Amino acid sequence: MMINRLSPFKLAILSIQFSTIVASSSPESRRILQPTDNIGQIIRSQRSSNGKGFSISAEKQDGFDLTFDVIEPAITGVTSKTIIKTKRGRSTASQPLGEDILYTLLVSDTSTSEGAEVFALLAVDSQDNVHGIVDTKNGKPYKVKQNKGMKATAEEDETIEETHDWA
């Protein structure tokens, strides 16, 4: 039996490759998350109700919200047998994720007009922490994060100096 061993970078590449397989969602049924909504809990409820995509609002430093459409890809490359390595001090522990642990990716929902204007790649860990990037067309890239129990925030990524024409 083969066990998946994926680094976060390889996981992101797989997600991008498979993001074209995502199911579309109609704007009428799209849930809009506020910065205070727990993204991990929303994913769990979406899975149980067969929901497909939603809009995330993250609070920017200027007081306005960055809003973008995302969807969980049909195939993320993460399974219950995916091995996660954690390093604590000098020791390293490896273990499979298991069936009940949320660990997934969210990508831009290109089936909506808003989603087609944004490149988004977010990772959600088993403790409902969210980290990722959002690059708006003709805009600035943002680092998006939400730690469990906190607001989703978007901070300009100042490491990228020029805008990308990825259309």
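**The nonpolar core and its surroundings**

In this predicted model, Phe54, Ile56, Phe68 and Leu106 touch the most other members of the largest nonpolar core, which has 21 residues. A nonpolar core here is a set of buried Ala, Val, Leu, Ile, Met, Phe, Trp, Tyr and Cys residues joined through side-chain atoms within 4.5 Å; buried means under 20% relative accessible area, exposed over 50%, and partly exposed in between (1.4 Å probe, protein chains only). Two or more residues come from each of helix H2 (39-48) and strands S2 (53-60), S3 (65-71), S7 (118-124), S8 (130-136) and S9 (141-146). Helices (H or I, at least four residues) and strands (E, at least two) are DSSP runs numbered from the N terminus. In soluble globular proteins, nonpolar side chains tend to be buried together.

Residues are numbered from 1 along each chain as its sequence is written. Local features need pLDDT of at least 70 and side-chain atom pairs count only at pLDDT 80 or more, while totals for chains, interfaces and linings use all residues; side-chain values use heavy atoms, with hydrogens and water left out.

Leu122, in strand S7, is buried at 0% relative accessibility. With neighbours within four places again set aside, the contacts of Leu122 include Ile56, Phe68, Leu106, Ile133 and Val144. The C-alpha atoms of Leu122 and Glu72 are 9.7 Å apart, although 50 residues separate them along the chain.

Helix H2 has Ile39, Gly40, Ile42, Ile43 and Gln46 as buried residues. Viewed down the helix axis, they fall within an arc of 160 degrees (taken from the directions from the axis to the C-beta atoms), so they line one face of H2. Their packing partners are strand S1 (31-33), S2, strand S6 (104-108), S7, S8 and S9. At the N-terminal end, Asn38 caps H2, with a side-chain oxygen 3.0 Å from the backbone nitrogen of Gly40. Just after the helix, Asn50 has a positive phi of about 60 degrees.

Asp128 sits in the loop between S7 and S8 and is buried, with a relative accessible area of 4%. Most residues other than glycine have a negative phi.

Conventions:
Contact means heavy atoms within 4.5 Å. A polar contact is a pair of N or O atoms within 3.5 Å; within protein, one must be able to donate a hydrogen and the other to accept it, and residues adjacent in sequence count only if both atoms are side-chain atoms.
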